[in-house]
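Hi,

Here is the structure I promised to pass along. Have a look first, and my notes follow below.

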Amino acid sequence: MSALEKSMHLGRLPSRPPLPGSGGSQSGAKMRMGPGRKRDFSPVPWSQYFESMEDVEVENETGKDISFSGSEGPVLLLLHGGGHSALSWAVFTAAIISRVQCRIVALDLRSHGETKVKNSEDLSAETMAKDVGNVVEAMYGDLPPPIMLIGHSMGGAIAVHTASSNLVPSLLGLCMIDVVEGTAMDALNSMQNFLRGRPKTFKSLENAIEWSVKSGQIRNLESARVSMVGQVKQCEGITSPEGSKSIVEGIIEEEEEDEEGSESISKRKKEDDMETKKDHPYTWRIELAKTEKYWDGWFRGLSNLFLSCPIPKLLLLAGVDRLDKDLTIGQMQGKFQMQVLPQCGHAVHEDAPDKCVSWLLLCCKYIAPEATVMPLSLPPHPARLCDTGFL
């Protein structure tokens, strides 16, 4: 057992029983189903993986309204990818808590998940990095415990921007999951086509979960059943079939007062939109296509920022082809540790949580070989930013 593993020590959560219909933890492997047996795409509550969910209130870009006890010990601060939420770390959290004792803080970044913000359109790297720093200050004040930042995709980029701006003073390590500047910049040209190819709505949560697995967005059914709940929401104005009907009728009556020239076109469009919502009452929580102006700022210059961070670093990739020139040179020079996890999709931590945890713990030997045993008292939980000032 490594020194940092000792510092995190035994997990406090009991072993999870197999989820109904899941056949136990998949760890990224495909499930083998018997003849005629159907896979269970029903959603699973976050409480099966996290002990609590709390709002972190932030005012005037500093944390003033929340306090935590038990500040000793390492904290893993988890930042999800674009369009995802803190729930994308659910199975990963269960996997690491079952092996070592540590605190997990998984954030819903602004405009994602359950977070409510005043300026929901500002998704710049600078703003989101400040969010992370403000949440750490709100939770731990001026004396934060040792923190390791772990981010997937967009969250990995935000983790690097946070680290390079020294917004987390007690940072002991940095981990990026499947995000590389060169590959990301190349992919931006086709990103809008990818987003247009996704369904705009879903008939149910089960339908959304099924799509995520069969499309390959999340290859681990267990993770998809909890993670997709944080990616989709009910369409606004749809509460019940009766409610939907009254809304449609109200729109029709209102349109009859418009000028005759535009009346029929506008009315038909609204009727079609409402009929779509009635048949498909779930849609994406965030319209990623509208965030395009921030994409370049997330990823441009990311490799050099990552390499310049003066802390131990780990890069987990789904394929070696994702490595760009700067990172290839940096890896050859020993500036960071890298591991490729084949047979995974982009959501590496969801597809193969156990493998991610194993490599993360190996990296812990490199990050803090001198760490001592530090008992922890705070439970793992996903945190949401709550609107009281800049949020």
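A residue is called buried here when its relative accessible area is under 20%. By that cut-off, 53% of the 391 residues of the chain count as buried. Please keep in mind that this is a predicted model.

First, the overall picture. The chain has 14 helices and twelve strands. If we take the contacts between residues at least 6 apart in sequence, 79% of them join residues at least 24 apart. As for the surface, the chain exposes about 17,900 Å², and 50% of that area comes from carbon and sulfur atoms.

Next, a residue I picked out for you: His84. It sits in the loop between β3 (75-79) and α2 (90-97). Is His84 buried or exposed? Its relative accessible area is 9%, so His84 is buried, given that the cut-off is under 20%.

Then the cysteines. Cys102 has a relative accessibility of 3%, so Cys102 counts as buried. Cys175 is buried as well, with a relative accessibility of 1%. How many disulfides does the count come to? With a pair of cysteine sulfur atoms required to lie within 2.5 Å, the count comes to zero disulfides.

Best wishes

Note on methods:
Residues are numbered from 1 along each chain as its sequence is written. This is a predicted model: local features need pLDDT of at least 70, side-chain atom pairs count only at pLDDT 80 or more; totals for chains, interfaces and linings use all residues. Side-chain values use heavy atoms; hydrogens and water are left out. Helices (H or I, at least four residues) and strands (E, at least two) are DSSP runs, numbered from the N terminus. Buried means under 20% relative accessible area, exposed over 50%, partly exposed in between (1.4 Å probe, protein chains only). Contact means heavy atoms within 4.5 Å. Accessible areas come from the Shrake-Rupley method with a 1.4 Å probe; for residues, only the protein chains shown count as cover.
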